[in-house]
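Student: Could you show me how to read the features of a protein model, one at a time?
Tutor: Gladly; let us look at it together.

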Amino acid sequence: MTENRWMLLVDDDPEDTEMLLDAIRSIAPTARIKSFLDGRSLLEFLATGTDRLKPCTIILDYNMPKMNGLDVLKELSGNHVFAHIPKLIWSTSDRAENVSACINCGAVDYLVKPSDPGELSRLAKKILGYCLGSA
């Protein structure tokens, strides 16, 4: 992973965040990832423009307080600056209506949080593929 590529991760569950960060960093130790606990915080960060580089991927938990992943997708869909950045939903739910709604609002993928470490590693590789443009 090149130094100018970085990801944003939004999840209100610190254990899930740490689990995914560990899986990604076990594959790409120099991965740059900034995490947030809710969608509102992510949008506030993006609005500040504090980093000149756009993220290569935005990973959103579906179920969060204040603003869920679908709400964040809806907000980002109206902003051309983020139109070409892959947005992924990461959730414990695999409900078809959630998947469909997220894909229709701009998510390129809907990933179900795995309980198996091997599956988590596969999912981390897939996420990195989106960041590197090879997914």
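Student: Which backbone oxygen does the side chain of K87 reach at 2.7 Å?
Tutor: We look for a polar contact, which is a pair of N or O atoms within 3.5 Å where, within protein, one must be able to donate a hydrogen and the other to accept it, and where residues adjacent in sequence count only if both atoms are side-chain atoms. Here the side chain of K87 reaches the backbone oxygen of F82, and a polar atom of that side chain also lies 2.7 Å from the backbone oxygen of I85. Bear in mind that this is a predicted model, in which local features need pLDDT of at least 70 and side-chain atom pairs count only at pLDDT 80 or more, while totals for chains, interfaces and linings use all residues. Residues are numbered from 1 along each chain as its sequence is written, and side-chain values use heavy atoms, with hydrogens and water left out.

Student: Is K87 buried or exposed?
Tutor: Buried means under 20% relative accessible area, exposed over 50%, and partly exposed in between, with a 1.4 Å probe and protein chains only. K87 is buried, and its place is in strand 4, residues 87-91; strands (E, at least two residues) and helices (H or I, at least four) are DSSP runs, numbered from the N terminus.

Student: How far away is the nearest side chain of opposite charge to K87?
Tutor: Lys and Arg count as positive and Asp and Glu as negative, whereas His and the chain ends are not counted; a salt bridge is a side-chain nitrogen of Lys or Arg within 4 Å of a carboxyl oxygen of Asp or Glu. K87 has no salt bridge, and the nearest such side chain, E75, is 13 Å away.

Student: Which residues of helix 3 are buried?
Tutor: In helix 3, residues 69-77, the buried ones are G69, L70, V72, L73 and L76. They lie on the same side of helix 3 because they cover an arc of only 160° around the axis, the arc being that of the directions from the helix axis to the C-beta atoms. Among the elements they pack against are strand 3 and strand 4.

Student: What caps the N-terminal end of helix 3?
Tutor: N68 does, with a side-chain oxygen 3.0 Å from the backbone nitrogen of L70.

Student: Where is K66 found?
Tutor: K66 is in the loop between strand 3 and helix 3, and K66 is exposed, with a relative accessible area of 72%.

Notes
Contact = heavy atoms within 4.5 Å.
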